[in-house]
Each structure stands twice: as structure tokens, then as C-alpha cells.
Protein chains: 2
Amino acid sequence: MTRKVFHHEPEAVRQNDLIAATLDSIAELGLAGATVREVAFRAGVTPGLIRRYFDNKERLVAAAYRSFIADLTAAAEAGCGEGSAHSRLAGLIRASVTGPVADSRALSIWAAFIGTVHSDPAMATVHREGYQAFRGIIEQLVGEVISERGETAAKAEIRSHAIVLNALLDGLWIEISMGGDDFSRLDVVRVALDSVATLLGIDPAEFRN
Amino acid sequence: MTRKVFHHEPEAVRQNDLIAATLDSIAELGLAGATVREVAFRAGVTPGLIRRYFDNKERLVAAAYRSFIADLTAAAEAGCGEGSAHSRLAGLIRASVTGPVADSRALSIWAAFIGTVHSDPAMATVHREGYQAFRGIIEQLVGEVISERGETAAKAEIRSHAIVLNALLDGLWIEISMGGDDFSRLDVVRVALDSVATLLGIDPAEFRN
DNA sequence: GCAGCAATTAATCAAGTGTATAATTTCAAA
DNA sequence: TTTGAAATTATACACTTGATTAATTGCTGC
């Protein structure tokens, strides 16, 4: 038998490929389907190689989680654009409830990971970091929006608003990404913007800009 | 060796025990830890017995999911109590963001199951049914609240409100159950009630009753 | 071109998985 | 008390899993 031909790849490239293959496996087959063999196959590589780049399968999965969350947050943040705080918040909201952030694949991966957080300390750490990062963005944005309107609010109030907003966006993201038929005939962006505006006491018409 | 002594149990009891053991396993060890042996051990039974009550492990897990969702929905619904639509909606909200509905164990189980929905059609069915049931409750309640206030709203508007409310409650439930430190010094019930009141255009003070 | 090192493969292992089945025990009916 | 069916156990099997290691290959510097 002839051995498989292969190429040397830079460490970063292989790691990325393995992480991507892991996320693909999870998205299509669930966490249980993301076996070492499946991941290796999708990465066009042999199972044993994984151990050269990740000490454990656990480490690989945690790295994939971190990468996934970072990408998701970055995509949402990219939706902010630049400009007034109002328009940036609107951009964040719009990005949060439309593709590629709000899509079935992302939800599947997120859900698979979330299920491990409670029983796996390493995953819990990754989760907490990602969560706090996103809520920090919202909190900052809410603060800026309030001061932009010439108003002032206590830190606790801003935080309270951020928590509610975050919850609403999370919930909407889940519902939309889950893809029940209920959203197909609904303008999700308008609903999301109006809801947030109402919660913040902003005139929805003005907020939609 | 002496064989294990055992008792005959009615079918319903054994099924319940096995389902309870499955949920316990998932809550503590994650879905991956809910092996046939682990579940059997927790149920004080031998692995082989499971197959007498459930064709597959898949069936057992699906049954556990259905049972879990039903209990959760029932607990939330029980919080409604009786009385005006306003007070029933308030009760539902209060129940949704406090124990035993909003607690770490419930979230762990929910998360584990959610991760399987995308790649497992049977689980998807169970999920969809449970989800629609809960959203139906909210939709009904929102409709009653509106008409109770002497107002009138198109069906689409009611549905839109229900979707947003459901998303908000889901998101709050997740955040609270996840148990970040951020909620420890926050009156979650008040925040939830005020947010919903604001979204529905009700005076928060009146809504809190 | 070639030597040597790092990257990759191939093959194997022990442990754990869900499932199947025959042997045993419980329990209710006669 | 006995008997027979149903419930439960014990054991085993085939398979998959993550991990390990030696052999092989590709590549870089000389």
C-alpha cells in the first residue's frame, strides 16, 4: 500500500483547519458526532495528528468554542459601524438578529457548547469570558446612548438596561436562529429595534433612522 | 455470588424513575455522562432493564426531554394563579425568573437537550411542541391583557408582542439561571415586570400590583 | 543533492459504549 | 403451596472512542 501523501502546514494554519473542522462536525452532527476521527477526516488529516496540536480533545473543543465566540462577537461588533451611539447600537441590534450571526449553524454550535458549560470548568471559563465581553459592549453602548441624548443615568441603571437588552437580544437570536416558521413573515429587524427603543425610552421612529 | 435482590415495580413508576435518573445524570454530568450504566445505577437498577421500558437510549432521552419540558411549563403556568389577566401575566413572569423554573439545574438540562435539536429529528419534534405550547400561553395572556385594558389589537400585533415577550423571558431565564454574579444584587422580578410592562405599554407601577 | 529534523501517517491499545440474550428471581393467581 | 408468567439480573458481544507509539514522509538549510 502506498501511504497517503501529505503536506507540511504552518502551525497556525493546521490549528485553524482543525478548529474549523471541529465546528463543522458539531454543527452537522452535534457534539457527540465531533469525534477525533470525524474532525480529522474533515480536516483532511489523520486522527493522530490532532494530538500534536492539542493536548486533549477537550482542549481542541475548548479552543473551538473560544474561536467561535470570538467570531460571533466580532461579527456582531462589525455591524456597529461608526457614527453616533444611536446608530451603532442600532447596527449591533440589526447584526444580532440577521445573518451570519443569527443563523441555524451558529445556534447549533452555540447550543452544543452551552450544554457543556455546567459540567466542564474549562468550558465555563470560556463561556464567562465571551459573555462578559459581549455584555460589556452593550453596557458601554447603552451608556453612550444615554449621554448622547443629554440625559444622565446611574451606573446601576445602565447595567440594568444592559442586562435586559442582552437578554432580549439573546432570546431573539435564539428564536430567529431556531427558525420556527413564525419569523418568516415578520420583519425581525424592525421588531428588535422597536423593542429596544421602547425599553430604553427612545422614540422608535427616531431610533430606526 | 448472590444475585441482587429486586422488586417488581409498576411500569409507570419504573419509567418515571428512569427518566428522573436520566435528568439527574444530565444535570450533573452532561449529556455525555448520561450513559446507560450511569442512568441504571442512579435508578437502582441494572442496565439491561432500561431496554424493557425504552426501545432505545434515544427514546429514553427523548422521553426525559418531554417530561422535563412539561414540568417546566407546568411550573411556570402554576405561577399564573387565577385572577385578572394582568395578575396572571405578572405571575407567569415572576415564576419564569425565580426558582424552581429559573435555576442552574434546569438550565443545564435544557442546554444539554437544546444541543441535540439540530441533529436529531426526534428531539426537534419534542422541542417544537414544548416551545409552541409555551408561546401559546404567552400569546393568549397578552391578548387577554390587551382586551382587559379596553384596547384592541390585530392578531399580528399580539403575536409580535408574544414573540418579543417570549424572547425576553427566555433570555432573562438563561442569564439568571446561568448565575453570573450580576444578578445577585438585582431584583430580577422587578426588572422583568418593569421590562414587560414597558414593552406592552403598561404603567409599570400598575402592573406590579 | 543530501542530511537531519519536524510533521504526518499507520497501526494498535485499553476503556467505555449501547445492545442482545439467557439465566434467575419475584409475585400473583390457582 | 405450587406454578407460571413477567420482571429483573448477569454476562457477553460488537463497536466506537480517545489515546499512544513507531515508522515514514516532506521539507529546509547547507
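Student: Which residues of H5(B) meet which residues of H9(B)?

Tutor: B:Ala90, B:Ile93 and B:Arg94 of H5(B) meet B:Val189, B:Ala192, B:Leu193 and B:Val196 of H9(B). Two residues are in contact if their C-beta atoms, placed from the backbone, lie within 7 Å. This is a predicted model: local features need pLDDT of at least 70, side-chain atom pairs count only at pLDDT 80 or more, and totals for chains, interfaces and linings use all residues. Residues are numbered from 1 along each chain as its sequence is written, while chains are lettered from A and ligands numbered from 1 in the order in which they are written.

Student: Why are H5(B) and H9(B) called oblique?

Tutor: H5(B), residues 85–96, and H9(B), residues 188–200, pack at about 135 degrees, with axes 9 Å apart. Angles under 35 degrees count as roughly parallel, over 145 as roughly antiparallel, 65 to 115 as roughly perpendicular and the rest as oblique. H5(B) and H9(B) are therefore oblique to each other. Axes are lines fitted to C-alpha atoms, for helices over the stretch in contact, and angles run from 0 to 180 degrees between N-to-C directions.

Student: What is the hand of the crossing of H5(B) and H9(B)?

Tutor: That crossing is right-handed. A crossing is right-handed if the near helix is turned clockwise from the far one by less than a right angle, and left-handed if anticlockwise.

Student: What makes H7(A) oblique to H8(A)?

Tutor: H7(A), residues 121–148, and H8(A), residues 155–178, pack at about 125 degrees, with axes 9 Å apart. That angle makes H7(A) oblique to H8(A). The H7(A)–H8(A) crossing is right-handed. On H7(A) the contact includes A:Arg135 and A:Ile138, and on H8(A) it includes A:His161 and A:Leu165. By class, this contact has six nonpolar, three polar and three charged residues.

Student: How many helices and strands does chain A have?

Tutor: Chain A has ten helices and zero strands. Helices (H or I, at least four residues) and strands (E, at least two) are DSSP runs, numbered from the N terminus.

Student: Why is A:Val191 called partly exposed?

Tutor: A residue is buried if 20 or more other C-beta atoms lie within 10 Å of its own, exposed if 12 or fewer, and partly exposed in between. A:Val191 has 19 C-beta neighbours inside 10 Å, so A:Val191 counts as partly exposed. A:Val191 sits in H9 of chain A. Leaving aside neighbours within four places in sequence, A:Val191 is in contact with A:Leu186, B:Ser160 and B:Val164.

Student: How many residues of chain A are in contact with chain B, and which helix gives the largest share?

Tutor: 33 residues of chain A are in contact with 33 residues of chain B. H8(A) supplies the largest share of the chain A side, eleven residues.

Student: What makes a set of residues a nonpolar core, and how many residues has the largest?

Tutor: A nonpolar core is a set of buried Ala, Val, Leu, Ile, Met, Phe, Trp, Tyr and Cys residues joined through C-beta atoms within 7 Å. The largest has 122 residues, and A:Ile93 is among those with the most contacts inside it.

Note on methods: Nonpolar A, V, L, I, M, F, W, Y, C, P; charged D, E, K, R; others polar.
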